[in-house]
Amino acid sequence: MSQLDRLLQRAQRGNVPLSAMFELTGRCNLDCGHCYLDIAHPPDEMTTAQAFHVIDELRRAGTMFLTLTGGEIFLRPDTLEIAAHARKQGLALRLFTNATRVTRELAEKIARIKPLAVEVSIYGTHAAAHDTVVKRRSTLRRTLRGVVRLRRAGVPVGLKAPLMSTVTGEVEKLLALADRLGAKMTFDPFVTPRHDGDNAPLATRADGEALARAMSHPRLGLVGSSLPRPLSPDQIPCALGRRTVKVSPTGDVYPCPTYPTPIGNLLERPFAELWAGGELLDRLRAIRVSDLQGDCHDCHQSGYCSRCTAVALLEHGRELGPSRESCRVADAKERALGLPGTPSSRVRLRVL
């Protein structure tokens with residue numbers, strides 16, 4: 001077991017919010033069809049001083065890894081001030097951006113902050129694919145220009161893409177593009193509902209066969225591996241309310257980046273007080289594999305389905321019931337490995 005795995009286990013047992021996602025804004029200059037945010041109705045945003053307070057509170061609670069995300073974070077003029085404050089607090093920092101607003105000057109300023117990485121989503125290697133997803137013209141060109149500027153400034157860049165229907169046929173080309181840019185490329189097989197429960201993003205999902213073909217690419221790390229054994233009944237099914245947390249632009253604190261109900265507001269109560277527990281948080285932390293219902297109970301795919309309690313709640317209204325997307329992706333993983341798979345409408349995975 002690696003040192004990081006041991007750290008994650010200790011955080012899980014001790015309910016330490018080791019990894020935090022801080023949404024600085026709900027505004028965005030793009031309008032991606034699969035986005036989980038309602039960018040047409042962005043929430044209010046906290047001040048710079050309040051953002052500093054959020055970071056200080058998270059650090060005191062044991063957070064080590066912080067992701068600043070949006071919306072598009074560089075629509076806020078103070079994003080680099082907030083990022084610099086996080087680094088001064090000793091946090092390992094990631095920035096999520098579409099890179100369309102990254103100038104040479106901004107890239108050099110980001111380099112001086114020394115983030116672990118700047119992560120940029122990309123949906124194809126040609127404009128027809130990428131720009132259709134983001135619903136803005138000439139976006140791919142501006143995104144790639146921003147990535148090149150970041151790389152020239154010495155910033156580590158990660159490219160990422162959900163395995164949507166428009167992406168599954170582009171895996172090889174996207175990997176080759178990332179190689180040319182000197183960036184790491186990762187794929188996520190999940191497309192989730194919006195956090196307000198709107199299922200519009202689900203129309204962008206790839207079918208099971210296309211998903212299996214994409215995941216069978218040797219560089220995605222699945223081929224040649226073995227699938228994990230089923231989880232034991234007493235195991236904790238996910239990090240919900242334990243080692244991961246999200247803070248919204250208004251200061252609402254969520255038990256994970258996807259769960260739709262906040263446990264309170266960090267601008268109204270100290271984070272340590274919110275995270276200590278309460279009716280919702282205590283109930284979520286008490287969930288074990290044996291509590292899962294329906295097809296999830298005693299499922300042989302539980303070790304590799306990456307079932308998400310929040311997605312099960314958002315998509316099906318039952319946080320203890322099946323997440324059918326998890327079932328669907330698990331089936332696709334089996335087919336990618338040449339196993340018979342389960343011919344159903346179930347399945348899931350997380351990051352390859």
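## Salt bridges and surface charge in a predicted model

Arg60 and Glu57 form a salt bridge, with their closest N and O atoms 2.7 Å apart. Here, a salt bridge is a side-chain nitrogen of Lys or Arg within 4 Å of a carboxyl oxygen of Asp or Glu. Please keep in mind that this is a predicted model, where local features need pLDDT of at least 70 and side-chain atom pairs count only at pLDDT 80 or more, while totals for chains, interfaces and linings use all residues. Residues are numbered from 1 along each chain as its sequence is written, and side-chain values use heavy atoms, leaving out hydrogens and water.

Back to that pair: both residues belong to helix α2, 3 residues apart, or about one turn of the helix. Helices (H or I, at least four residues) and strands (E, at least two) are DSSP runs, numbered from the N terminus. An α-helix has 3.6 residues a turn, so residues three or four places apart point the same way. Even so, Arg60 is exposed at 60% relative accessibility, whereas Glu57 is buried at 10%. For these words, buried means under 20% relative accessible area, exposed over 50%, and partly exposed in between (1.4 Å probe, protein chains only).

How many salt bridges does the structure hold? The count is 17. Three of them are set out here.

| Pair | Closest N to O distance | Location |
|---|---|---|
| Arg60 and Glu57 | 2.7 Å | both in helix α2 |
| Glu105 and Lys109 | 3.5 Å | both in helix α4 |

In the α4 pair, Glu105 and Lys109 are 4 residues apart, about one turn of the helix. Glu105 is exposed at 51%, and Lys109 is partly exposed at 35%.

Gly294 and Ala107 are 187 residues apart in sequence and 49 Å apart in space, C-alpha to C-alpha.

On the surface, Arg104, Arg141, Arg145 and Arg152 gather in a patch of positive charge. Such a patch joins like charges within 9 Å, using residues with over 30% relative accessible area and no salt bridge. Which helix gives the largest share of the positive patch? Helix α6 (residues 139-152) does, with 3 residues. Arg145 sits in helix α6 and is partly exposed, with 34% relative accessibility.

Helix α3 (residues 79-88) shows the buried side of the picture, with Thr79, Leu80, Ile82, Ala83, His85 and Ala86 as its buried residues. These pack against α2 (48-61), β2 (65-69), β3 (92-96) and α4 (104-113), where contact means heavy atoms within 4.5 Å. After α3 comes Gly90, with a positive phi near 85 degrees.

Conventions. Patches are made of residues with over 30% relative accessible area and no salt bridge: like charges are joined within 9 Å, nonpolar side chains (Val, Leu, Ile, Met, Phe, Trp, Tyr) within 5 Å. Accessible areas come from the Shrake-Rupley method with a 1.4 Å probe; for residues, only the protein chains shown count as cover. Lys and Arg count as positive and Asp and Glu as negative; His and the chain ends are not counted. The place of a charge is taken as NZ of Lys, CZ of Arg, CG of Asp or CD of Glu.
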